[in-house]
Amino acid sequence: MMASRAGPVRTSTIRSENHMAEPIDAPVTLAGIARIAGVGRAAVSNWRRRHDSFPTPVGGTDASPLFSLDDVERWLHAQGKIERVGMRERLWPRYEALGDRAVMGAALAEAGGRLLAAEGVDWAMPGLSSLPEAAVRVVDATVEAAHHEGNRETFDFLLARWLDAHVRQISTTPVPLARLMVDIAAAVGAGEPGEEAAWTTVLDPACGVGGLLLAASEHMGERGVEAGSLAPALLGTDLDPTLAVLAAARLGFARVGGSGASAEIRTGDSLRADPNGAVRADVVLCNPPFNARDWGHEELATDPRWIYGLPPRTEPELAWVEHALARLAPGGVAVLLLPPAVASRRAGRRIRGALLRTGALRGVVALPAGAAQPHSVSLQLWILRAPASEGGTAPGERLFLLDAATSHGAVRGAQGIDWPRLSGQVLDAVQAHSWSGERRPGAEERLPERCVTVPVMDLLDEQTDLTPARYVPEAATEAQDKLHESWGHLDGLLDEVRGRSRTLAAIDLSAGGDAASTVTVSDLDRARALRLRQGQTLPGELLHGDALPHGAVPVLSVPDLVLGEGPGGWLAGAEVESGAGTGTLTVAEPGDVVVVGVERAYRVWVQADTPLVLGPQLYALRPDPDMLDPWFLAGCLRAPANARQAGSHTSSSARIDVRKLQVLQLSLDEQRPYAEAFKELLALEESLRSVVAVGEDLLRGLGDGLAAGRLHRSRR
């Protein structure tokens, strides 16, 4: 494990007598096999079913088996599935086998230190205690592999895998966002367009694995900016010693790459006991931890950094804002990534007002959701600047506001954020603004759409809400484009409704005679025509609420449905496999029928495309395809009369007893026309809902535009 102590420390030396980098077998999952072979997970599962020679599991569970890496490689070669397994791919399962996050990180950092030593880099990093024997062998194997695969390439590959494996515990700043923050700091520090900011020291007080400092290093290298003689160019601090040591190694490789900037990373708590307390940096870049209530409110009550006011306990982000300002040199620039609530929470109103009045806060940029963790939130960049002289007051007449979160079609691509377009939009606005405080003639006219400067006095009201969307007007052309698109969407939906209506109108329901016989879900379960499973309590400590990453499984609960939303979180794929195998999670697979067992949120659907983890009062029915058509089953169950008969009003929740729901007793051939009719009925219902939603948007847009006097009268 690594020592947790503040202050600069030296590179550790970990050696093990008589250890060569001999091959180390390690367990590998199905997902790991897919990565090695360069195929999808489904392809590996298919190989396992089709080939009797596929390796036998050496551990794990039925739902999440583990295989010998050596056995897998031999099988892949024998089957011609892959010509060569990259040495880096072979290394990662061995890191995974170490288990503990800190041990894995320490081993990777030690490997990085040895590789940097081979490059002749003199560097400092947080100290390490002795690694376990298995970790030492992995380090030796990494150093040997790097001789063939490249030192930095091997380290970067393994670091990326380590971060992916621990994405729940570690928040990183995406590379394009880190570069955008650096470019903003450079533009603001330059003061006027065309000028170049000269940096001596860049500080990140919560540096994590050093993403922001790495972006600053690359910026300095591109512009030939070298470290000053009085202090290292790049300074970082992090509370987690594992992250600090990896940041040190990462920046060491950047120096090898020719950035010309030295780096010093320390382990410590920047708010409680800042090891860089005497530093005054030209630039502070920071992506601080969000909602960390235990940030030291009581013991720091009289801290001299709080010149804008003592941050409330519930406002830790404002503590980081004031800390960043306290570490800036006169005229220095800080760019912080913050959650949007910091701009509007009532508890922080007084400090926001002080930041505005003194001119310390110069701008707020709203980013689109998905720009960084948590991905479901539209985060903000706060741009701050220290007074030009000690004790001086910076100009604070107007606040720069840019709403890049809702620009119509400007920042989101098919794969998520369109970073080149978003970065260009933000930098164009930043560079068009005068950050020196002097008003230039026509400055407002030069600002792009979705960007304004607002007089500070207009912001100092009872709320002091700094959310850009409140002040940035929607451009008339953008509003008209939205309306035009909505009208086209509505026309398409109406055509769809007409087509489905004609199909359903042709259905003849005049058949009389005896009442059709039915059977209950309970009877079908006993007859093994279907398998009924009930949703279970969700593991809150493993549940995430941000955007769904690749390989994760969405999670649905009754409150999500009551609020009219979709799945409210997700679980990692490996956790879902493990939970399904042990029976602690209920997973609806594609083709299962999902039933909500609460009357106020009652609905039934056939799960399509992807698995879904179900919470309490949700049920998964898996029909036997030789006996039941899933669409027929869902159509019978979703009938309102069926739900009323199975309802229980013994409590305020009005639950549905799913076992009492009735299903028509028909042969499989007789079920199929019903299934097709139920499909059309459901599709018509979805189309009608979409018509209502689009229609409401049109009414709002037209109403707002007319009230704003935007009606264009054509001349005749």
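Contact is taken here to mean heavy atoms within 4.5 Å. The structure is a predicted model, in which local features need pLDDT of at least 70 and side-chain atom pairs count only at pLDDT 80 or more, while totals for chains, interfaces and linings use all residues. Residues are numbered from 1 along each chain as its sequence is written, and side-chain values use heavy atoms, with hydrogens and water left out. Helices (H or I, at least four residues) and strands (E, at least two) are DSSP runs, numbered from the N terminus. A residue is termed buried under 20% relative accessible area, exposed over 50%, and partly exposed in between (1.4 Å probe, protein chains only).

Helix α8 (residues 175–190) has 12 of its 16 residues buried, so it is largely enclosed by the rest of the structure. Among these buried residues are Leu177, Leu180, Met181, Asp183 and Ile184. The buried residues of α8 pack against α9 (211–222), β7 (281–286), β8 (328–338), β10 and α13 (419–432). The end C-alpha atoms of α8 are 23 Å apart, which agrees with the 22 Å that its 16 residues should span at 1.5 Å a residue; the expected span is 1.5 Å times one less than the number of residues.

Strand β8, one of the elements packed against α8, is itself largely enclosed by the rest of the structure, because 9 of its 11 residues are buried. Strands are said to pair if DSSP finds at least two bridges between them. β7 and β8 run parallel and are joined by 5 bridges, with Cys286 opposite Leu336 in β8.

A further set of 4 strands forms an open sheet of mixed pairing, in the order β18-β17-β22-β19. β18 (569–571) and β19 (586–588) stand at the edges with a single partner strand each, so one side of each lacks a neighbour in the sheet. On average, neighbouring strands of this sheet are turned by 40° against each other, direction ignored. Axes are lines fitted to C-alpha atoms, for helices over the stretch in contact, and angles run from 0 to 180 degrees between N-to-C directions. β19 and β22 (residues 612–614) run antiparallel and are joined by 3 bridges; Val587 stands opposite Val613 in β22. Helix α19 (residues 573–582) lies across β17 (553–556), β18, β19 and β22, and runs at about 70° to β18.

The axes of helices α20 (residues 630–637) and α22 (residues 668–707) come within 8 Å and cross at roughly 65°. In this contact, Trp631, Phe632, Gly635 and Cys636 of α20 meet Gln671, Tyr674, Ala675, Phe678, Lys679 and Leu682 of α22. By class, the contact of α20 with α22 has 7 nonpolar, 2 polar and 1 charged residues, where Ala, Val, Leu, Ile, Met, Phe, Trp, Tyr, Cys and Pro count as nonpolar, Asp, Glu, Lys and Arg as charged, and the others, Gly among them, as polar.

Several backbone features fall in loops. The peptide bond from Gln373 to Pro374 is cis, with omega near -10°, and Pro374 lies in the loop between β9 (361–366) and β10 (380–385). Thr464, which is not a glycine, has a positive phi of about 50°. Thr464 is found in the loop between α15 (456–459) and α16 (476–505) and counts as buried at 2% relative accessibility. Arg528, also not a glycine, has a positive phi of about 65°. Arg528 is placed in the loop between α17 (521–526) and β16 (530–534) and counts as exposed at 70% relative accessibility.
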